[in-house]
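Please find below a colleague's note on the model under review. The points are numbered so that each may be taken up separately.

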Amino acid sequence: MKFLLLAAALGAWPAAVATAAETAAKPDLAKAQTLVSQVCAACHGADGNSPTPANPSLAGQPAGYVSLQLANFKAGIRVSPIMQPMAATLTPEDMTALGVYFSQQKPKPMSSHDATLVRAGQKLYRGGDAAASVPACAACHSPTGDGVPKNYPRLAGQHADYSYAQLKAFKAGERGADKEGKDANGRIMATIAGRMTDAQMKAVAEFTTGLQ
């Protein structure tokens with residue numbers, strides 16, 4: 001009888017370990033929602049749809065990308081006088097949970113307003129500018145603008161003002177130029193933006209805001 005009980009206990013052990021591991025790895029979305037309501041919502045909206053063009057919408061962003069940017073803010077790899085203090089108290093688990101929370105929110109569609117800019121932006125987004133060695137944006141951000149988990153953000157439905165501001169920051173070396181080179185994808189964007197004209201940056205930003 002003791003042997004049978006021991007065998008049964010040993011048989012259940014792997015399942016118990018797996019359950020514990022799954023529980024530990026599961027993001028705490030309840031805590032994430034609390035953090036959003038108390039801290040993030042003022043700038044990014046409770047559902048991740050930013051009410052202000054100066055602040056990015058996070059709804060529908062790849063979870064890994066949001067988590068990575070929070071980690072970069074905390075480590076000082078990405079510099080922002082607003083976001084660095086916000087990220088300073090977050091744990092890795094908090095960042096993971098916030099990434100998952102925002103990825104599950106539904107982005108609100110937005111509309112472009114300048115047809116001329118949209119046409120120019122679409123051409124650059126789809127085909128790039130070979131003469132200036134600017135690759136097609138779709139190659140990294142996907143044809144639909146949904147982004148690629150962890151590495152590249154969703155651009156579809158993002159505020160045009162914010163996207164344009166980030167491109168300018170990349171070109172000016174204010175983003176993606178950390179001295180230790182830890183933001184590899186940021187450095188890629190800094191290089192690409194450095195080859196773009198101001199008109200091209202405005203055009204792409206206008207096109208992607210209405211991309212669905």
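The points below proceed from the model as a whole to individual residues.

1. Basis of the note. This is a predicted model, in which local features need pLDDT of at least 70 and side-chain atom pairs count only at pLDDT 80 or more, while totals for chains, interfaces and linings use all residues. Residues are numbered from 1 along each chain as its sequence is written, and side-chain values use heavy atoms, with hydrogens and water left out.

2. Confidence. The average pLDDT of the chain (the predictor's confidence in each residue, from 0 to 100) is 90, and 89% of the residues score at least 70. Where pLDDT is low, the predicted coordinates should not be read in detail.

3. Overall architecture. The chain contains 10 helices and zero strands; helices (H or I, at least four residues) and strands (E, at least two) are DSSP runs, numbered from the N terminus. Of its 212 residues, 42% count as buried, where buried means under 20% relative accessible area, exposed over 50%, and partly exposed in between (1.4 Å probe, protein chains only). Among contacts in the chain with a separation of 6 or more, 66% are accounted for by residues 24 or more positions apart.

4. Packing of H6 and H10. Which angle do the axes of helix H6 and H10 make where they cross? The axes of H6 (residues 115-127) and H10 cross at roughly 95° and come within 7 Å; axes are lines fitted to C-alpha atoms, for helices over the stretch in contact, and angles run from 0 to 180 degrees between N-to-C directions. H6 is therefore roughly perpendicular to H10, given that angles under 35 degrees count as roughly parallel, over 145 as roughly antiparallel, 65 to 115 as roughly perpendicular and the rest as oblique. Residues making the contact include Leu-117, Val-118, Gly-121 and Leu-124 of H6, and Ala-203, Val-204, Glu-206 and Phe-207 of H10.

5. Glu-206, a buried charge. Glu-206 lies in helix H10 (residues 198-209). This residue is buried yet has no salt bridge, a salt bridge being a side-chain nitrogen of Lys or Arg within 4 Å of a carboxyl oxygen of Asp or Glu. The nearest side chain of opposite charge is Lys-202, 10 Å away; Lys and Arg count as positive and Asp and Glu as negative, while His and the chain ends are not counted. Not counting residues up to four places away in sequence, Glu-206 touches Ser-112, His-113, Asp-114, Leu-117, Val-118 and Ala-160.

6. Salt bridges. How many salt bridges does a search of the whole structure find? The search finds five. One of them joins Lys-31 and Asp-94, with the closest N and O atoms 2.9 Å apart. This pair links distant parts of the chain, Lys-31 being in helix H2 (residues 29-44) and Asp-94 in helix H5 (residues 92-103), 63 residues apart. Lys-31 is partly exposed at 40% relative accessibility, whereas Asp-94 is buried at 7%. Lys-182 forms a salt bridge with Glu-180, with closest N and O atoms 2.9 Å apart, and both residues are exposed. Lys-202 also meets Asp-198 in a salt bridge (3.6 Å, N to O); both lie in helix H10, four residues apart, about one turn of the helix. Lys-202 is partly exposed at 38%, as is Asp-198 at 33%.

7. Met-196. This residue is found in the loop between helix H9 (184-194) and H10. Met-196 is buried, with a relative accessible area of 4%. Apart from residues up to four places away in sequence, Met-196 touches Leu-124, Val-134, Leu-167, Lys-171, Met-201 and Val-204. Met-196 and Lys-171 are 25 residues apart in sequence and 8.1 Å apart in space, C-alpha to C-alpha.

8. Backbone points to inspect. Most residues other than glycine have a negative phi. Ser-142, however, has a positive phi near 80°, and Lys-150 has a positive phi of about 75°. Ser-142 is in the loop between helix H7 (138-141) and helix H8 (160-172), and Lys-150 lies in the loop between H7 and H8. Ser-142 is buried at 14% relative accessible area, while Lys-150 is partly exposed at 46%.

Note on methods:
Contact = heavy atoms within 4.5 Å.
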